[in-house]
Structures are given as structure tokens and as C-alpha cells.
Amino acid sequence: MTSRVFPFARASVAPPRPSRRATGMLALVGQAGVALACLLLWHLLVAWQWVPSSGVAAPLPALARWGELLLTAAYWQVLGHTLAGWFIGLAISVLIAVPLGVAIGLSRFLSDSARFTIDFLRTVPPVALLPVVLLLLGPTLTMKVTLIVVGTLWPMLIQSIYAASQIDPVLRDVAQSFRLPRGHRIRFLLLPSVAPFVATGLRIAATVSLLLSVAGEYIGGAPGLGAALGSAEQSGNLPEMYAYILTAATLGVAINFGFIVLQRQLLWWHPSVRTAPCG
Amino acid sequence: MNHAHAIHPASAPAADVVFQVEGLVHRYGSAADARRILDGVQFEVRRGDFVCFVGPSGAGKSTLLRCLAGLQTPTAGQITFNGTPVTEPPQGLALVFQDYSRSLMPWLTVLDNVTLPLRAGSLTRRQRDEQGMVALEEVGLAKAVSQYPWQLSGGMQQRVAIARALAYRPVAVLMDEPFASVDAQTRADLEDLMLSVRKHLGISVLLVTHDIDEAVYLSDKVCVLSGSPAKVAAVIDVNLGSERDQITTKATREFAELRTKVYQTIRRPAAVKQ
Amino acid sequence: MVAPFRPHSPMRLSRRTRAVLVEVWLPIVLVGLWWVLSARYPSIYSPPLQEILRLFRELWLFEHARTDLLPSLVNLVLGYLLGLIAGVALGTWLGLSPRLNRALWPTLEFVRAIPGVAILPVFVILLGVGPAMKVSLIAVGTFWPILLNAIDGVRSVEPTLRDVAASFRIPLKHRLLHIVLPAASPQIFSGARISLSVAVILIVVSEMVGGNGGIGYFVRSAERSFAIPEMWSGIIVLGLMGYVLNTLFRLLESRVLAWHRGMTTRTQRDGR
């Protein structure tokens, strides 16, 4: 059963904790120190003209502008547009990919049939389809969502297929020998077994989803962070442009972090979440 | 604090002493909740000795071995190997680990695994390979030279680890419960292997085990650790002769007596307040 | 349930044929469907597959392949290799220095989370739209997944192996070459694979935005000038490019990590 491991599937589930929660104040101080040092370096690079000021804004004006923007409604609307695309696209992807993937993974015939197709389609960069989608749907939310679904379907599908193939055969024997009814088998065996892998796929897909949302906005012009970034760039407003870049980064970190926390909460029983790796 | 029982009452030249341990203390953790693992361990090992350390689980045997190997700095005490104090892994000492599958590199062949420690020296590739082959022949694995560790059974993997130690041409070999994870039949074979290795190559062997039968069968001296924190409760001489056999030796009365003695020493409440 | 191999029964399909058939029937059916449906119901946005393929042969074999695809590939590979080397080097160093790694971690996580698309404008402003911009953008985008995976991989080297290295007094150079890097290589390859898709996305995006040639620029300008069949032919090229790169990568990986595959299948079989 394991000899035809589906390619590209992620075997490890939860990412290792980067370090035990700051063993002491010293670690925290070190981390803050590094962050500050980076900010300082950024500031110096601009102040001393080591990077052209036509391209790089200084940190203080950028942060100041960010602060200003945080107080405007428009900023939050922009954020909302990006997140809307992100969420809807991801949700659709999950709703399609997980049941389909699990169904495929449980059948040897189906996984063999689908392997080449999925393998091929997953390598098409979703941005390649951006022009097509843009033509068909214009700079809209639907366009973004379509792009996101196209981009995130494959990792989720692959992880779900892989998950279905990794169900512990011993547990399956247990379910069979105790003659568990189908509903119970799905609820108590299938779903929990599949959950860790799906969770990993979800985390990856969430990052890709954000990337595609911003790409669709920047190149396609749909409302959102990318578009705001683009228009700031067009009007030469560097601090604002950098404020949006920082926003995108924060969003990415928050999403990734949020998923990790969620994963640990829901999958507290899984060995990779249970045991703390060497740190 | 316990004294070391004199191993050989008649004094022997100091150069014959391979390991000298005095007043070894080790604590885990910081001051408030420090756990003492070793408390004043003391003993001596001579060249060509086969010494087994026994004691209940958690008695600090592995910690002791790590300190001897230079992988861990003890909280207090002095360890001397070949006359030099041990502060880091010393030259001339080889280790065989309990978890053989994790101590061999899965991306190297058996021969490459065995010769890896020799790369740092001044031997040519051919000389290294020859030395490795000799070691593999000693352990009976000459045929597995270009296989990978994970293609071999557990017992064979442990043999590879032993060959690696032998190829290193060490003065002494430290073994941490090396046969705990192999089946009984393989264990018997490996025990005999170690006896023959010691006989042919004159290497000193320090072996940690929880198996009393094994300890008595293999060693010249059994060093019993007991109590928590651990001390040397006794060093028991084993006079079973140099020719040992799994069946006949273990059937002798002397063997049974020694085994009982070791058992009793372990179970006796730790002698404190000397 | 696969039929056993019976060389003397012409009626039964041999095992190998059956295996191949199972894998190819779906793609063939899908392409066939595309062909038929697009010929039956042509639209502006979805021209007949026949025409797309005709254009594909005309344009891409081999004229445009040379003028558009090749430069893209060159920039892609250059940027990728740069990012790879930097990521592995820095990742190994940080993986071996736990305190430094811990101090750098939040900053690294933050910078890594900046979507490549968002910093594209910066690169354009700083470096223009030429190859320098593309290569650097790809190098930077490739760098992060590899860096983080290299750090992880190096940090999770089996502690027993570290003890082996210490107890046998193996010097640093040999430790790195024969223990640390091989042990981390599965993880590094995992990061390299992610980086490959990032690189492909970035080359396309940077060319779509930047102009100045390349396959991405071709597709975008075809879209802009409503040359739809041409655009689709370019998309097919992109798909093929992605597939070929991935296949090459997988071949390389299977060669380099043969030991790892052997080991894990054995472990799975023995249930250890």
C-alpha cells in the first residue's frame, strides 16, 4: 500500500516548534535585538544612500504611513477584499479537494488513474492562467477566487490522496473486526486519520492562497492589497507602498501562525504535535 | 564515600591503567531541583580488562558511560584515560551505542560507515578500506561490504557498529547496553564475538548492561552500581577462566554463585554514610 | 486486483500493459474531451484545440522556444541556483548555531512571509526590467523555503549520529560533508522542491509585469492583443516547462536520496 506513495505529499505534519518558548528573557532580548538591528540597518541603508531612495523608503516614514493608514476605513476595506478572496478561494478548494482526494486515495484504481493528470496540472503555474481568467472575468473577486482555487486545489488534493493512503492498516482491521458501521468508520477512523495531513496541506494552501490573491490584485487589478500596492507604486508614494508590503508580510505571518496554533489545538493527539522535537 | 575495591591487590605499573575514575559526581538541573545521578563513583580499569557495569534502570549507568567517553562533563570528579584527564572525547576510545540503527549513517555503505572515523587520519583511501575490511572480517561481515545498514538485520547492524569501533584500533571500547535490542540468539553470538575480539586484539572493554547473566558471562570484573544517586556498591571479580562458552560456563556452580552475588549486591539497600 | 502475468494468454492483458493503461486513460480522455468540445463550441476565449496545437507547432518548435523560452529558463536556473546555494549555506550555519538561530527566528519568519509579488515593484524600481531583476527576484524567492528547510534539517540530525561524530573525534569538515548535509538532505530537497514552484511562478510574474521578453511576457502580450490561440499555446508551453522541470528535479532527487527511500520503505515494512 505504501509502495506507490503519492509524489510531493508531505509526510511530516506539524512544523517543528522553532524553539522552546523563550527559555528566559535572554532569548526574547536576543530576538528583539535582532529585529531592531534589522530596522536600523534598513534605516542606515536608506540614509546613507546605499540603496537608491527612488526605490526604497526609509523605515520611519513607512511605519508612520502604515500607522496613518491603520486609522483609515479604506485600508481595512482593502484588507477585507484580500482576505475575502483568500478565504473563499481556500474554502472552495478544501470543499472540493478533501472529499475528492480521500475518495481517490482510498481506491487503488482511481489513484493510479489520476496520478499523471494531477502531477501534470499541479506544475502549471497558476499565474499562467491569470491572463485567461482576467479576460473571462475581469478584475473582480470571482477572478481572484478562480485563480486561488486553481492554484490551491492541487496541493490539497495531493495531501488528501496521500492521507487516505496512510490510514493505519491495523486500525482498519480493528474497525472491520468490530464491525463498525460505515458512519462510525468515517467519523472515528477516516476523518481523524486524514486530519493531520489535510491540516498540513491547508497550511501550505493558505500561504499560496494569499500569494495568489495579492498577485491577482497586483497584476489583474482586482481590489485588494495588491491593487493598493500597485497604485501607490504608480503614484510614486514610496512610504505607502512599503506600508502595504509590511501589511502583506504581517498578514502572511499571522495566517501561518494562526494555522499552526489551530493545528496544535485540534491535533493535540498526533505524535508530531505531542512530542517537542529537539530544540 | 565508597572506596574502589582494589582490583589487583598487587600493584601494577601505572601505564597499565587505562581508566581511572575518582570521586565522580554528576547532577542534572539547576541548584534548586538538581537531581544527583552519580555520587562519588570510583574505580579503575587495567589494560585488557573486560569490565561490566550493572545496576537497575535509571541508576546512571549511561550517564557514567557518557562521562567516561568525554561526551558529558561531570559536575565533579576526575576521569583519567591513559594518563590524561578526560575533558572531551579522548584519542583511542571507541563507542558502541545501544541504538545501532541510529548510530549508523543510512547514506553510507557498510564499509564507508566503518571507515568514516579513519578519514581524519593520515591513511590513504586504500589503507582505510583495508583496515575496515579487516574489522568487518573480524565480526564476520566481509560479505556485506557494499550494502547499506538498513538492508541488514539488527544483529548485523550492531556488528557493523562493532566493526567500526574495531577499525578505529582503539585502546578501549565503551559499550552502552549494546545487546539490549537484539534477540536472544543474536545476543549470544555477539557476546561471544566481544570475548574473542578482546582475546585477539587485547582491547579493554567496558560494557554497561542491565542483564546480570551477560555481565557475569563476559567480564573479568563486575562493577555493581546501585543506590540512587549511584555509587559503586561492589566490584566483583569473576574467576570463570578465559575460555568461556554459552552452555558450559553458564551451567557451572561458580557462575550461579557469582550471579547470585551480583543480584544480592544490587538488591541490598545502598550503603550510605561511610 | 491486478491479473497475474500470463505470457501465454493473448486474451489477458499483461501486467505491465495494464499498469500503463490505468495511468494514461484519464489524460487521454481529458485531452480528447477538450478537443471535441472546443471544436464543437468554439468561443473567443476557448478556441479549438486543433488550432492551438497548430500554433504551438508553428511558434514554439523551435523559433519562439529559442527567443522566449530559453531566456526565461536561463534566468530561472541562474536565480534558482543562487538562492539554493545561499539558502543551504546560511541554513546549515544557522542550523548548527542554536542561539543565533533562535534570536533570528522572528525576523526571518516575518521577512519570509512577504509575498514575492509584493516586493516585485521594489525590484523593478531598483533593477529595472532586465535579467538582473528577474534573477535577483527568483534568487530571493528561492532562498527562503530552502533556508528554513535547511535549518530544520540540520537541527534534526539524529542526536546519536552527533554522538558518533563527537566520540570518534570526526573533524568539522568531514562532519559537515558526511553527516550533517546528508542527514539534512531529505529536508533540503523538500525545500528545494517548494522553491522550484516559487521560482517558476516568479519568472512568469516578473516577465508579465516587467516586459522585456520571456515566456511570461509572451503570454501577457498575447492576452493584451487578444491573440487568444497564441496565448493558449503559451500557456501550454508554461505547463510543459513546469512539468519537465519537476520531472528532472524528481529524477535528481530519486538518485541522490535513494538511500532515504530504501530506508523508509524498509522501516514502513518492518513497522519499526
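Trainee: How many residues of chain B are in contact with chain C?

Mentor: Two residues are in contact if their C-beta atoms, placed from the backbone, lie within 7 Å. On that basis, 19 residues of chain B touch 19 residues of chain C. The chain B side comprises 14 nonpolar, two polar and three charged residues; Ala, Val, Leu, Ile, Met, Phe, Trp, Tyr, Cys and Pro count as nonpolar, Asp, Glu, Lys and Arg as charged, and the others, Gly among them, as polar. Residues are numbered from 1 along each chain as its sequence is written, while chains are lettered from A and ligands numbered from 1 in the order in which they are written. The model is predicted: local features need pLDDT of at least 70 and side-chain atom pairs count only at pLDDT 80 or more, whereas totals for chains, interfaces and linings use all residues.

Trainee: In what order do the strands of the open sheet in chain B lie?

Mentor: Strands of a sheet pair through backbone hydrogen bonds, either parallel or antiparallel. A strand is a DSSP run (E, at least two residues), numbered from the N terminus, and two strands pair if DSSP finds at least two bridges between them. In chain B, four strands form an open sheet in the order E2-E1-E4-E5, with antiparallel pairing. Strands E2 (35-46) and E5 (84-85) of chain B are the edges, each pairing on one side only.

Trainee: How many bridges pair E4(B) with E5(B)?

Mentor: Two bridges pair them in the antiparallel sense, with Thr80(B) opposite Pro85(B). Their hairpin has two residues between the strands, and Asn82(B) takes a positive phi near 55 degrees there.
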